[in-house]
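User: I would like to learn how to read this model feature by feature. Where do we begin?

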Amino acid sequence: MDLKDIKQVIDLMKTAELTSFDLEKKGFRLHLSRKEKEVAPQVTQATPISVTPIPTATFPTVEAPAGTPAAPIEGKGIEVIKSPMVGTFYRAPSPESPVFIEIGAAVAADSVVCIIEAMKVLNEIQAEISGTIIEVLVEDGDAVEYGQPLFKVKTA
């Protein structure tokens, strides 16, 4: 291999952006290496864009139909048992078992009112208030969110 061949290898390294080259042939060994090309950051100036505001649309207001319950669930003497976690709501410990509580049932603070399954763990939920269950707000097997109302309780 002569100097002309070596220059061709160097040119090949540049065009192919190689950082190293090794050749071994009949007792001749050639090793070429170079630093990687550092890329300088390129700064370009963006062309300003003009923004035209879009007028906001006005939508007609829709009132709730007559007979729809008012937004606040809690009232005087009425408390709400809320979900302490995200999960699946169950009224009974198993499909064959009776529900934990029925409408009209009296509950104490430590009474178990339902189960919420979260990450395959069944969590018994206690009332944490005393009173009488007046409404169940969630269907069995429904997904519930943290803080979602589950039961209405009339307190003394």
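Analyst: Begin with the order of elements. Along the sequence, the protein chain runs α-β-β-β-β-β-β-β-β-β-β. That gives 1 helix and 10 strands. Keep in mind that this is a predicted model.

User: What share of the 156 residues counts as buried?

Analyst: The share is 20% of the protein chain. The exposed surface comes to about 12500 Å². Carbon and sulfur atoms supply 55% of that surface.

User: How much of the contact set comes from residues 24 or more positions apart?

Analyst: Such pairs make up 51% of the contacts with a separation of 6 or more.

User: Now the helix. How do I read its sides?

Analyst: Start with the general idea. An α-helix has 3.6 residues a turn, so residues three or four places apart point the same way. Now the case here. Helix α1 covers residues 3-15, 13 residues in total. From first C-alpha to last it reaches 19 Å, close to the 18 Å expected at 1.5 Å a residue.

User: Which residues of α1 are buried?

Analyst: Ile 6, Val 9 and Met 13 are buried in α1. They lie on the same side of α1, because their arc around the axis is only 55 degrees.

User: What do the buried residues of α1 pack against?

Analyst: They pack against β1 (20-25) and β2 (28-33). The face of α1 turned away from the buried side carries exposed residues: Lys 4, Lys 7, Lys 14 and Thr 15.

User: What follows α1?

Analyst: Glu 17 follows α1, and its phi is positive, near 55 degrees. For background, most residues other than glycine have a negative phi.

User: Which other residues have a positive phi without being glycine?

Analyst: Met 119 is one of them, with phi of about 55 degrees. Met 119 sits in the loop between β6 and β7 (121-126). Its relative accessibility is 81%, so Met 119 counts as exposed. Glu 128 is another, with phi near 65 degrees. Glu 128 belongs to the loop between β7 and β8 (131-136). Its relative accessible area is 65%, so Glu 128 is exposed.

User: On to the sheets. How do I read strand pairing?

Analyst: Strands of a sheet pair through backbone hydrogen bonds, either parallel or antiparallel.

User: Let us end with a single residue. Where is Ser 111?

Analyst: Ser 111 is in the loop between β5 (106-107) and β6 (112-118).

User: Is Ser 111 buried or exposed?

Analyst: Ser 111 counts as buried, because its relative accessibility is 19% and the cut-off for buried is under 20%.

User: What lies around the side chain of Ser 111?

Analyst: A polar atom of that side chain lies 2.8 Å from the backbone nitrogen of Ala 108. Not counting residues up to four places away in sequence, Ser 111 touches Ile 125, Gln 126 and Ala 127.

Key. Residues numbered from 1 in each chain as written. Predicted model: local features only at pLDDT ≥ 70, side-chain atom pairs only at ≥ 80, totals over all residues. Heavy atoms only, no water. Helix = DSSP H or I, 4+ residues; strand = E, 2+ residues; numbered from the N terminus. Buried < 20%, exposed > 50% of the residue type's maximum accessible area, 1.4 Å probe, protein only. Polar contact = N/O pair within 3.5 Å; in protein donor to acceptor, adjacent residues only side chain to side chain. Contact = heavy atoms within 4.5 Å. Expected span 1.5 Å × (residues − 1). Arc of directions from axis to C-beta. Areas by Shrake-Rupley, 256 points an atom, 1.4 Å probe, with all protein chains shown as cover.
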